[in-house]
Amino acid sequence: MHGVTRTVTVPLDTQLTGGQIRVSGQIPVTFSDYDIDSPSVGGIRVEDNGIIEVLLNFAKS
């Protein structure tokens, strides 16, 4: 993110439903770790952390 590289480990959950495989996971992120300022617009401030969510759906075509 923003030109900063870090190694992360993503715990993944998998489900097999109706012939489809669904893989999901979350990565907690602290924006200051990536030299990103917390955005603020019109007096509204955002926390210095968030979550990146990953969702992959695999289906046979």
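Let's start with E47, which sits in the loop between β4 (44-45) and β5 (49-59). When I say strand, I mean a DSSP run of E with at least two residues, and a helix is a run of H or I with at least four residues, all numbered from the N terminus. A quick word on where this comes from: it is a predicted model, so local features need pLDDT of at least 70 and side-chain atom pairs count only at pLDDT 80 or more, while totals for chains, interfaces and linings use all residues. Residues are numbered from 1 along each chain as its sequence is written, and side-chain values use heavy atoms, with hydrogens and water left out.

Is E47 buried or exposed? E47 counts as exposed because its relative accessibility is 58%; the cut-offs are under 20% relative accessible area for buried, over 50% for exposed, and partly exposed in between, using a 1.4 Å probe and protein chains only. Setting aside residues up to four places away in sequence, E47 touches F31 and S38, where contact means heavy atoms within 4.5 Å. Now look from E47 to A59: they are 12 residues apart along the chain, and their C-alpha atoms are separated by 37 Å.

Let's step back to the whole chain. Which pattern does the chain follow along the sequence? It reads β-β-β-β-β, with five strands and zero helices. The radius of gyration is 16 Å, well over the 10 Å that the globule rule gives for 61 residues, so the chain is more spread out than a compact globule. That radius is taken over C-alpha atoms, and the rule is 2.2 Å times the number of residues to the power 0.38. Along the principal axes, the C-alpha atoms fill a box of roughly 45 × 30 × 20 Å. Of the 61 residues, 13% count as buried.

So what is inside? The largest nonpolar core has five residues, V4, I27, V29, F31 and Y34. A core here is a set of buried Ala, Val, Leu, Ile, Met, Phe, Trp, Tyr and Cys residues joined through side-chain atoms within 4.5 Å.

Follow V4 next. Leaving aside neighbours within four places in sequence, V4 is in contact with D33, Y34 and D35. Both D33 and D35 are found in the loop between β2 and β3. D33 counts as partly exposed, at 38% relative accessibility, whereas D35 is exposed, with a relative accessible area of 58%. Beyond its sequence neighbours up to four places away, D33 touches V4 and R6. In space, D33 lies 9.4 Å from D48, C-alpha to C-alpha, although 15 residues separate them in sequence.

D35 has one more thing to show you. Most residues other than glycine have a negative phi. The phi of D35, though, is positive, near 60 degrees.

Which residues make the nonpolar surface patch of about 400 Å²? They are L16, I21, L56 and F58. L16 lies in strand β1 (residues 12-17), and at 66% relative accessibility L16 counts as exposed. Patch residues have over 30% relative accessible area and no salt bridge; like charges are joined within 9 Å, and nonpolar side chains (Val, Leu, Ile, Met, Phe, Trp, Tyr) within 5 Å. A salt bridge is a side-chain nitrogen of Lys or Arg within 4 Å of a carboxyl oxygen of Asp or Glu. Areas come from the Shrake-Rupley method with a 1.4 Å probe, and for residues only the protein chains shown count as cover.
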